[in-house]
Amino acid sequence: MRLSRALFIARKDIAYTLKDKTTLAWLILMPALFFYFIGTATGGFGGGGSDAPDNIAISVPADAGFLSGQLALRLSDSGFNVVTFAADNLEVPVSGGEQDVAFDGYCRRLVIPAGLTRSVQDGDGALLDYSTCTDELNAQFDEVRVQRAVYTTLADIIAASVAGGLNETNIAALNAIERVVTLEVRPAGKKREIPTGFQQAVPGTMVMFTLLVLLTSGAITLYLERTRGVLRRLASAPLSRGEIVFGKWMGKMFLAVIQIGIAMVMGSLLFKVNWQPDFLMIVALLLAWAGACTSFAIVLGSVGRTEGQVSGIGVLSSMLLGGLGGCWWPIEIAPAWMQQLASLLPTGWTMNGLHRLMSFEAGALSALPELMLLVATTAIAGIFAVKSFRFE
Amino acid sequence: MIVVNELRKQFGQLVAAEDVSFTAKAGQIFGLLGPNGAGKSTTINCIAGLLTPTSGTVSVKGHDVVSDPLGARRTLGVVPQELALYEDLSARENLRFWGGAYGLRGQQLEERVNTVLSQIGLQDRAGDKPENYSGGMKRRLNFGCGIVHQPDVLLLDEPTVGVDPQSRERLLERVRDQVARGACVLYTTHYMEEAEALCDQLVIMDHGKIIASGTMDELREMMGERDVLRVSGRFDGQAVRKAFDGMAGVEVLQVDADVVQLSAETATRRLPELLGALAESGADIQETTLARPNLESLFLLLTGKALRE
């Protein structure tokens with residue numbers, strides 16, 4: 001087999017595919033729209049990025065007393081960026097945060113009851129109301145940090161009471177003492193922030209659209225070449241079967257690479273998606289995914305009986321695999337059965353690998369199992385593609 | 001140039017070609033004639049390397065199509081029956097693609113593309129896509145894609161199907177051009193007039209076998225000095241056959257309810273006798289035509305059925 005002849009077929013194949021305006025629209029315009037709409041609906045730029053602030057808004061009644069300040073201090077010690085609102089004006093913060101973001105605009109909210117300090121001094125209970133909208137995994141971690149702040153405040157109350165009475169002076173003196181023992185609470189291992197917003201929508205849509213474009217435009221052009229007799233005519237040219245099949249495979253692979261390249265550049269420039277720190281591994285993973293999609297497209301284009309059938313199977317399977325594999329939403333927030341199903345799907349492997357590399361910062365090698373699975377899928381589907389390739 | 005020797009091609013139980021042997025030479029148009037399903041396309045596909053013969057051998061310019069397929073295909077140009085074109089590419093781009101597939105590059109490719117565009121009369125529409133062409137223009141482009149690399153051997157599979165008379169004549173002229181430059185042309189058709197006008201050598205196939213072969217004159221000789229009398233009207237088949245049974249020098253080629261064809265020696269002089277016999281059989285005669293034997297009548301004589309059936 002001569003590579004130059006296969007490359008000739010590949011070049012012509014991609015040039016022919018890109019002549020189609022519909023393909024160009026699906027390649028460039030549609031992913032951008034999907035990035036924007038899905039990304040905006042799920043958190044936009046704030047979704048899961050490492051820059052996302054750890055804000056907590058607290059509502060403080062005028063008579064809450066000095067213990068509200070102590071609690072705010074302990075929340076701050078727990079790693080929160082405390083934004084304080086007066087209970088009678090929840091529109092504009094008293095301290096911290098953005099002036100144009102109201103109390104309800106924050107995901108983590110703590111409502112301090114009226115007369116907090118007096119109730120505690122009187123030995124009555126006080127009820128703090130904490131609510132959050134973060135995902136389940138992060139909500140648990142936040143809860144631990146809020147509890148830690150509350151328990152530390154309780155310890156301060158006890159210490160101040162023992163030292164001479166619970167008053168603002170004793171609390172201030174207590175705060176001035178250097179702590180001999182401190183408890184630091186932080187997540188074990190690497191960062192595990194489930195991506196939302198563009199950080200999820202861009203890679204997810206990119207993975208799904210790579211499959212979609214390959215299984216529609218890629219497979220349909222092959223189907224049309226077959227049914228119009230072009231492949232048959234090509235088979236009578238001085239080209240071996242291997243050169244033609246490999247050339248067609250490479251042509252479709254170019255299409256997948258173009259789709260991924262456009263999505264990555266668009267994601268970086270328009271949606272501030274961070275492809276670091278394991279960029280090369282991300283590229284390797286996406287190339288393996290592109291290879292698998294390419295082989296699927298060759299199989300579909302070879303066995304499809306009508307254009308409608310090829311197109312229907314292409315769209316349906318892309319949507320289904322995209323949804324079940326975690327391209328539309330982070331699979332980490334899906335029910336357990338769906339997570340198990342995703343672990344069996346190539347879309348799931350790709351998304352899982354991307355999450356590890358982009359959002360969990362688990363290191364390049366953490367995505368090696370997914371990479372190997374995708375390479376194996378490409379190889380197995382490639383064998384099917386070669387076997388099923390038909391000239392008529 | 002093309003040597004086919006005892007070719008047999010079987011698909012499961014179906015024998016599509018059996019004991020097919022012929023030799024087509026350079027500078028010659030070799031016709032493969034027969035109705036649909038006669039085995040013409042199977043034979044041409046074996047020559048093009050698209051099908052592997054079950055047995056027998058096929059060689060093109062000395063290259064065996066099985067043991068040296070690329071060598072054989074390098075000498076071939078193929079014009080398939082279907083319009084095997086890229087609908088989204090212009091005529092020029094289509095020609096560039098097919099020229100490139102046969103190894104032409106750069107200046108040589110561009111020159112050939114321009115020459116072929118001129119030959120097939122599409123130079124003014126070179127930038128248009130085939131989807132905007134008439135049927136005849138598409139056929140010409142389909143033909144052009146097969147000759148862009150100037151093949152030594154050209155396989156034409158029903159290249160004029162569905163083409164208007166003007167485009168057909170233009171295409172046939174281009175076929176003759178190929179022969180004039182020394183190419184060997186293998187031409188399959190079921191248009192007998194086309195085959196008679198174009199081919200130097202002919203093979204007539206039916207049910208996968210060669211039933212007659214030779215030059216046009218040699219094939220006419222097989223009919224002897226007979227004319228063909230075609231009579232239309234209303235006929236009783238049994239009575240017609242009985243009427244001519246045993247009549248010297250007359251053979252019933254075809255009897256249908258509305259048409260009868262007879263092959264008869266010196267039919268011109270015996271016309272009253274023949275029509276009288278028909279009238280006696282109870283026939284209602286409406287129209288008669290007397291013609292010299294042609295491929296159609298030869299095919300009728302050999303197979304008992306019309307070529308277009």
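Trainee: Let's start with one residue. Where is the place of A:Thr169?
Mentor: A:Thr169 sits in helix α6 of chain A, residues 168-176. Keep in mind that this is a predicted model.
Trainee: Is A:Thr169 buried or exposed?
Mentor: Exposed, because A:Thr169 has 11 other C-beta atoms within 10 Å, and a residue with 12 or fewer counts as exposed.
Trainee: What separates the C-alpha atoms of A:Thr169 and A:Leu29?
Mentor: A distance of 64 Å. Along the chain, A:Thr169 and A:Leu29 are 140 residues apart.
Trainee: Okay, confidence next. What is the mean pLDDT of chain A?
Mentor: The mean is 88. In chain A, 93% of the residues reach 70 or more.
Trainee: Which elements of chain A have the lowest and the highest mean pLDDT?
Mentor: Helix α5 of chain A, residues 136-163, has the lowest, at 84. Helix α10 of chain A, residues 279-303, has the highest, at 96.
Trainee: Where in chain A does pLDDT stay under 50?
Mentor: Over residues 48-52 of chain A. The model has 11 contacts beyond four places in sequence for that stretch. Where pLDDT is low, the predicted coordinates should not be read in detail.
Trainee: Switching topic. How many residues are in the largest nonpolar core?
Mentor: It has 161 residues. Those with the most contacts inside it include A:Leu285, B:Ile47 and B:Leu155. Helix α7 of chain A, residues 197-227, gives the most to this core, with 16 residues.
Trainee: And which residues does B:Ile47 touch?
Mentor: Leaving out residues up to four places away in sequence, B:Ile47 touches B:Ile2, B:Val4, B:Val58, B:Val60, B:Val65, B:Leu155 and B:Leu186. There is also a second, separate core of 20 residues, with A:Ile56 and A:Phe85 among them.
Trainee: Now the interface. How many residues of chain B are in contact with chain A?
Mentor: 19 residues of chain B, and they meet 17 residues of chain A. On the chain B side, α2 (69-74), β6 (76-79) and α3 (91-101) each supply at least two residues. By class, that side has 12 nonpolar, three polar and four charged residues.
Trainee: What about chain B itself? Which domains does the assignment give?
Mentor: Domain 1 covers 2-220 and domain 2 covers 225-292. Their C-alpha centres lie 39 Å apart.
Trainee: How many helices and strands does chain B have?
Mentor: Chain B has 11 helices and 14 strands. Of its 309 residues, 44% are buried.

Methods: Residues are numbered from 1 along each chain as its sequence is written. Chains are lettered from A and ligands numbered from 1 in the order in which they are written. This is a predicted model: local features need pLDDT of at least 70, side-chain atom pairs count only at pLDDT 80 or more; totals for chains, interfaces and linings use all residues. A nonpolar core is a set of buried Ala, Val, Leu, Ile, Met, Phe, Trp, Tyr and Cys residues joined through C-beta atoms within 7 Å. Helices (H or I, at least four residues) and strands (E, at least two) are DSSP runs, numbered from the N terminus. Two residues are in contact if their C-beta atoms, placed from the backbone, lie within 7 Å. pLDDT is the predictor's confidence in each residue, from 0 to 100. Ala, Val, Leu, Ile, Met, Phe, Trp, Tyr, Cys and Pro count as nonpolar, Asp, Glu, Lys and Arg as charged, and the others, Gly among them, as polar. Domain bounds come from an automatic or database domain assignment.
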